[in-house]
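Keep the structure in view as you read.

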Amino acid sequence: MPKIMVVDDAQFMRVRLKKLLTGQGYEVAEAEDGEEAVKVYQQFKPDAVLMDITMPQKDGLEALADIRGLDPGAKVIMLTALGQESMVVQAIQSGARDYVVKPFDPNRVMMALEKVLG
Ligand SMILES: [Mg+2]
């Protein structure tokens, strides 16, 4: 089954996403900020990433740039909040494949993942 990395500084969000994804048979690794995300990406080598934008240390946009620098084919889906439209545009221009607005609809998350995983 595909491997997914869930990146969010909110623990409840990681827990909810992990529960959803493992329930669908995916293998899941977590990271709580952009810095950790870059490290976990290299070890876990996920097939896709769900990445929060607003995080301490290194935010989702910086982590996206770093991960795409390491792996230009990285499939990253941004997790965004309402009011973050300009950051979403920036993320898509930086190579993010899609975005999901929080609070997320589980079906929307699964659709976005299935689309990027082909
Ligand atoms: Mg956040």
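## What covers helix α3

Among the elements that cover the buried residues of α3 are β1 (3-7), α2 (34-44), β3 (48-52), β4 (76-80) and α4 (85-93). Contact here requires C-beta atoms, placed from the backbone, within 7 Å. Helices (H or I, at least four residues) and strands (E, at least two) are DSSP runs, numbered from the N terminus.

This is a predicted model: local features need pLDDT of at least 70, side-chain atom pairs count only at pLDDT 80 or more, and totals for chains, interfaces and linings use all residues. Residues are numbered from 1 along each chain as its sequence is written.

Which residues of α3 are buried? In this helix (residues 60-70), they are Gly60, Leu61, Ala63, Leu64 and Ile67. They lie on the same side of α3 because they cover an arc of only 160° around the axis, taken from the directions from the helix axis to the C-beta atoms. Gly69 and Leu70 are exposed on the face turned away from that buried side.

A residue is buried if 20 or more other C-beta atoms lie within 10 Å of its own, exposed if 12 or fewer, and partly exposed in between; C-beta atoms are placed from the backbone.

## Helix α5

In α5 (residues 106-117), the buried residues are Val109, Ala112 and Leu113. Down the axis of α5 they fall within an arc of 95°, so they line one face of the helix. They pack against β1, α1 (11-23), β3, β4 and β5 (98-101). Asn107 and Glu114 are exposed on the other side of α5.

Just after α5, glycine 118 has a positive phi of about 65°.

Terms used:
Two residues are in contact if their C-beta atoms, placed from the backbone, lie within 7 Å. The expected span of a helix is 1.5 Å times one less than its number of residues.
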